[in-house]
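Thanks for coming, everyone. Please have the sequence and the model open as I talk.

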Amino acid sequence: MAGEAGEGSGSSFGIAQDEAVAIKDKYANKQKLMRRRVDQYKIELRNPCRQGKKLLVLDIDYTLFDHRSTAENPLQLMRPFLHEFLTAAYAEYDIMIWSANSMKWVELKMGQLGVLSNPNYKITALLDYLAMITVQFDSRGIFDCKPLCLIWTQFPEFYSSKNTIMFDDLRRNFAMNPQNGLIIKPFKKAHSSRDSDHELLKLTTYLLAIAELDDLSNLDHNNWQSFSQDNVKGRRRHQ
Ligand SMILES: [Mg+2]
């Protein structure tokens with residue numbers, strides 16, 4: 001899979017959040033590149049953005065789908081509870097899917113899994129590798145990441161750093177917006193793990209709990225597993 005070059009080193013390629021912030025500052029000149037990319041890459045809406053909804057951006061490989069295992073039917077490689085998760089999330093979030101593959105592959109895969117035709121939710125947009133930018137980091141070299149500002153600048157009346165959350169199994173994809181990223185446990189070895197993987201169920205609870213907040217930007221998504229409704233109540237009380 002050409003678009004996934006370097007993916008194999010993912011697990012040993014974790015970038016601490018402070019380092020990711022350092023990248024952001026140090027490579028401010030990348031903003032220029034990013035602005036060019038933002039101008040060039042036009043996000044095509046499959047469904048209208050909805051006023052008052054937050055935005056959930058999802059990776060595909062190892063997040064929604066085990067792209068490395070083989071099966072007669074792609075549905076066997078789908079992460080458990082995917083449709084239930086998307087249905088529940090859709091109540092509070094517009095959903096975009098952003099993969100490091102080509103748009104053709106993204107449409108094919110999401111079509112095979114029934115994500116583009118499910119009557120219970122609608123996908124707002126699909127993004128592919130062309131929307132990614134390359135950043136350089138002294139000790140770790142060059143890698144591609146997914147800059148959320150590409151979405152925010154095209155739909156400023158709907159989405160911002162305050163109402164966007166992105167799930168990806170690779171921390172480096174958040175390099176330009178670490179605050180908005182949630183590292184999801186990779187879904188691998190689908191045949192043996194699909195009976196025990198409950199990540200999307202657990203994340204549904206988290207997503208719906210934080211959806212009540214006006215501002216997600218001060219949450220630490222690294223601690224999502226220990227987040228409880230009490231946090232929401234506490235925060236709302238003080239608003
Ligand atoms: Mg992935």
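I'll go from the whole chain to the sheet, then to the helices and a few loop residues.

First, a caution. This is a predicted model. The average pLDDT of the protein chain is 87, and 80% of the residues score at least 70. Residues 1-13 have a pLDDT below 50. That stretch makes 14 contacts in the model beyond near neighbours in sequence.

Now the overall make-up. The protein chain holds 8 helices and 7 strands. Of its 239 residues, 36% are buried.

In what order do the strands of the open sheet lie? The order is E3-E2-E1-E6-E7, so that is 5 strands, and the pairing is parallel. Strand E3, residues 125-127, and strand E7, residues 181-183, are at the edges. Each has a single partner strand, so one side of each has no neighbour in the sheet. On average, neighbouring strands of this sheet are turned by 25° against each other, direction ignored.

Let's look at E1 and E6. Strand E1 covers residues 54-58, and strand E6 covers residues 164-168. They pair in the parallel sense over 4 bridges. Leucine 56 sits opposite isoleucine 165 in E6. Valine 57 has methionine 166 in E6 as its bridge partner.

E6 has a partner on the E7 side too. E6 and E7 run parallel and are joined by 3 bridges. Here methionine 166 shows up again, standing opposite glycine 181 in E7.

Is E6 buried or exposed? In E6, 5 of the 5 residues are buried, so the strand is largely enclosed by the rest of the structure. In E6, both faces are covered. Thr164, Met166 and Asp168 are buried on one side. Ile165 and Phe167 are buried on the other.

Two packed helices are described by the angle between their axes and the distance between the axes. For H3 and helix H7, residues 199-210, the axes come within 9 Å. They cross at roughly 5°. Angles under 35 degrees count as roughly parallel, so H3 and H7 are roughly parallel to each other.

Which residues of H3 and H7 meet? From H3 come Leu82, Phe85, Ala88 and Ala89. From H7 come Leu200, Leu203, Thr204, Leu207 and Leu208. By class, this contact has 8 nonpolar residues, 1 polar residue and no charged ones.

Now some loops. Start with phenylalanine 81, in the loop between E1 and H3. Its phi is positive, about 70°, although it is not a glycine. Phenylalanine 81 has 18 other C-beta atoms within 10 Å and is partly exposed.

Across from it in the chain is aspartate 197, in the loop between H6 and H7. Aspartate 197 and phenylalanine 81 are 116 residues apart along the chain. Yet their C-alpha atoms are separated by 9.0 Å. What does aspartate 197 contact, leaving aside neighbours within four places in sequence? It is in contact with Arg79, Pro80 and Phe187. With 19 C-beta neighbours inside 10 Å, aspartate 197 counts as partly exposed. The cut-off for buried is 20 or more.

Lysine 189 lies in the loop between E7 and helix H6, residues 190-193. Lysine 189 is exposed, with 12 other C-beta atoms within 10 Å.

Last stop: alanine 91, in the loop between H3 and E2. Alanine 91 counts as exposed, with 12 C-beta neighbours inside 10 Å. Alanine 91 and lysine 54 are 37 residues apart in sequence. In space they are 9.7 Å apart, C-alpha to C-alpha.

To recap: a parallel open sheet, a largely enclosed strand E6, and H3 roughly parallel to H7. Thank you.

Definitions and conventions:
Residues are numbered from 1 along each chain as its sequence is written. This is a predicted model: local features need pLDDT of at least 70, side-chain atom pairs count only at pLDDT 80 or more; totals for chains, interfaces and linings use all residues. Two strands pair if DSSP finds at least two bridges between them. Helices (H or I, at least four residues) and strands (E, at least two) are DSSP runs, numbered from the N terminus. Axes are lines fitted to C-alpha atoms, for helices over the stretch in contact, and angles run from 0 to 180 degrees between N-to-C directions. Angles under 35 degrees count as roughly parallel, over 145 as roughly antiparallel, 65 to 115 as roughly perpendicular and the rest as oblique. Two residues are in contact if their C-beta atoms, placed from the backbone, lie within 7 Å. Ala, Val, Leu, Ile, Met, Phe, Trp, Tyr, Cys and Pro count as nonpolar, Asp, Glu, Lys and Arg as charged, and the others, Gly among them, as polar. pLDDT is the predictor's confidence in each residue, from 0 to 100.
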